[in-house]
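Please read this briefing alongside the sequence and the coordinates. It is arranged by topic, so that each group of points can be checked on its own.

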Amino acid sequence: MSGHGDPVPMIARKSAALKGVAEVPGDKSISHRALILGALSVGKTEITGLLEGQDVLDTAKAMRAFGATVTQHGPGAWTVEGVGVGGFAEPEQVIDCGNSGTGVRLIMGCMATSPITATFTGDASLRKRPMGRVTDPIALFGAHSYGRRGGRLPMTIVGAPDPVPVTYTVPMPSAQVKSAVLLAGLNAPGQTVVIEKEATRDHTERMLRGFGAEISVEETPEGRVITLQGQPELTGQTVAVPRDPSSAAFPVCAALIVPGSEIFVPGVSQNPTRNGLFTTLVEMGADIAFENPREEGGEPVADLCVRYSALKGIEVPPERAASMIDEYPVLSVVAACATGTTVMRGVKELRVKESDRIDAMARGLEACGVSIEEDQDTLIVHGLGAGNVPGGATCATHIDHRIAMSFLVLGLAAQQPISVDDGSPIATSFPVFEDLMRGLGAQIERA
Ligand SMILES: O=C(O)C1=C[C@@H](OP(=O)(O)O)[C@@H](O)[C@H](O)C1
Ligand SMILES: C=C(OP(=O)(O)O)C(=O)O
């Protein structure tokens with residue numbers, strides 16, 4: 001919701017070894033897509049393991065506003081009775097996507113080729129984020145958009161009454177933009193082609209195929225060429241949402257930096273377009289066993305067994321950035337506890353997330369006594385080694401869940417407690433974070 005309530009200051013203190021099982025919630029990206037594709041299908045979609053974070057709840061509400069019937073039956077168990085491709089009704093009220101870039105951008109895409117008008121808004125963080133990256137390609141289908149200067153929310157989209165198919169090369173590595181174009185292409189006649197120079201998370205492609213769309217992906221020297229046949233009949237499916245690797249990152253990184261820790265994190269998605277953090281941590285010397293690899297709900301998953309490790313800084317290959325884009329904040333915390341320097345290049349997309357994540361991490365790490373270097377596209381952290389981060393600061397989270405969780409993780413291993421000014425945004429993606437971390441032995445409290 002666009003209202004951002006009272007701030008919730010939180011504090012994390014140096015903790016004894018973390019132990020136990022961390023059952024992290026369902027994947028946020030897949031949860032949004034399950035609701036949206038369910039709404040665009042004919043018949044009933046049954047979802048288990050849905051993330052009940054605020055971002056996803058806002059998408060559920062939006063799908064109701066466009067005419068779908070979305071019902072919760074129990075924890076994580078939801079059904080969607082869809083209206084079919086091209087069947088969206090015109091919402092009577094403003095669509096409030098709260099804190100969620102994924103929600104607003106994907107929904108703008110899927111209404112842009114229907115003869116309806118919708119107005120979108122979000123919280124103070126989302127209202128600062130660029131929407132031109134979606135309104136540019138949907139204009140090619142024939143949609144019009146009227147927003148604030150700089151392509152900011154609130155924004156009204158007038159859908160194309162007679163959409164034409166589009167061939168579009170995504171100018172930045174963004175699964176949200178790729179997905180918005182594919183979802184718009186669903187209700188255009190003929191073939192919509194999306195070209196991405198760097199592979200980004202592929203849940204939309206996988207799920208569109210699973211719901212019955214004709215979609216092909218070709219790896220070419222120019223990048224991944226995705227071809228979608230327009231106006232398919234999508235039919236309701238059963239979707240088992242795997243656990244979110246981006247949420248798993250927090251207990252995993254906490255266990256790596258708190259001496260003596262050993263935790264088990266079951267059923268985490270290992271989709272190769274999402275698992276860059278785990279590859280990076282192993283290169284830094286992390287003791288992570290990937291047990292029982294299997295397929296669940298069309299995604300590769302594994303159980304992770306993670307033990308405290310003495311880590312060393314590395315240079316993260318820039319071409320890995322898209323597969324770990326949301327994990328750089330917590331990686332920079334791990335880097336502060338490693339020996340040597342960790343270089344993260346090719347990360348300028350971090351500047352347009354819920355906050356400018358390069359700036360937020362740089363300022364917070366400096367306040368905690370860690371030395372950093374940054375430029376527009378780079379963050380470099382000079383690690384102090386395990387147990388040597390002074391801490392003793394309050395870090396600003398800028399309505400950004402991942403910044404809040406990252407500094408709370410650092411507080412578990414720092415010499416002095418670390419506070420965050422506002423932990424409330426954690427509920428957007430990981431509503432059980434506090435309880436889950438405390439269950440492992442982490443000293444995290446509301447301040
Ligand atoms: O498509 C998605 O579900 C997402 C794509 C990424 O954003 P961009 O597309 O802006 O890179 C990521 O940061 C976000 O958390 C979820
Ligand atoms: C960037 C993120 O989400 P969104 O873009 O959906 O707000 C995130 O969850 O880290």
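The points below cover the ligand shells, the strands and sheets, and a few individual backbone positions.

This is a predicted model, in which local features need pLDDT of at least 70 and side-chain atom pairs count only at pLDDT 80 or more, while totals for chains, interfaces and linings use all residues. Residues are numbered from 1 along each chain as its sequence is written, and chains are lettered from A and ligands numbered from 1 in the order in which they are written. The UniProt annotation "domain: Enolpyruvate transferase", from an unreviewed entry, covers residues 13–435; UniProt positions are given in the numbering used here, feature names are shortened, and annotations may be inferred rather than shown by experiment. Across residues 13–435, the span is 28% helix and 28% strand, and its end C-alpha atoms lie 15 Å apart.

**Ligand shells**

- Ligand 1 is surrounded by Ser29, Gly101, Thr102, Ser174, Ala175, Gln176, Ser179, Arg201, Ile325, Asp326 and Glu349, where a residue is near a molecule if its C-beta atom, placed from the backbone, lies within 6 Å of it.
- The elements that give two or more residues to this shell are α3 (101–111) and α5, and the largest share, three residues, comes from α5; helices (H or I, at least four residues) and strands (E, at least two) are DSSP runs, numbered from the N terminus.
- By class, the shell around ligand 1 has two nonpolar, six polar and three charged residues, with Ala, Val, Leu, Ile, Met, Phe, Trp, Tyr, Cys and Pro counted as nonpolar, Asp, Glu, Lys and Arg as charged, and the others, Gly among them, as polar.
- At least three residues of the shell around ligand 1 come from each of domain 1 (10–26 + 242–446) and domain 2 (28–240), the domain bounds being taken from an automatic or database domain assignment.
- The residues around ligand 2 are Asn99, Ser100, Gly101, Thr102, Asp326, Lys353, Glu354, Arg402 and Ser429, and by class they comprise no nonpolar, five polar and four charged residues.
- Domain 1 and domain 2 both give residues to the shell around ligand 2, so ligand 2 lies between them.

**Strands and sheets**

- β10 runs parallel to strand β11 (residues 191–196), and four bridges join them; two strands pair if DSSP finds at least two bridges between them.
- An open sheet is formed by four strands in the order β18-β19-β21-β20, with mixed pairing.
- β18 (315–316) and β20 (371–375) stand at the edges with a single partner strand each, so one side of each is left without a neighbour in the sheet.
- Five bridges pair β20 with strand β21 (residues 378–384) in the antiparallel sense, and the bridge partner of Ile372 in β21 is Val381.

**Backbone positions**

- The peptide bond from Leu153 to Pro154 is cis, with omega near -5°, and Pro154 is found in strand β9 (residues 152–158).
- Ile399, in the loop between β22 (394–395) and α11 (401–411), has phi near 55°, a positive value in a residue other than glycine, and is buried, with 21 other C-beta atoms within 10 Å.

Key: Buried ≥ 20, exposed ≤ 12 C-beta atoms within 10 Å, placed from the backbone.
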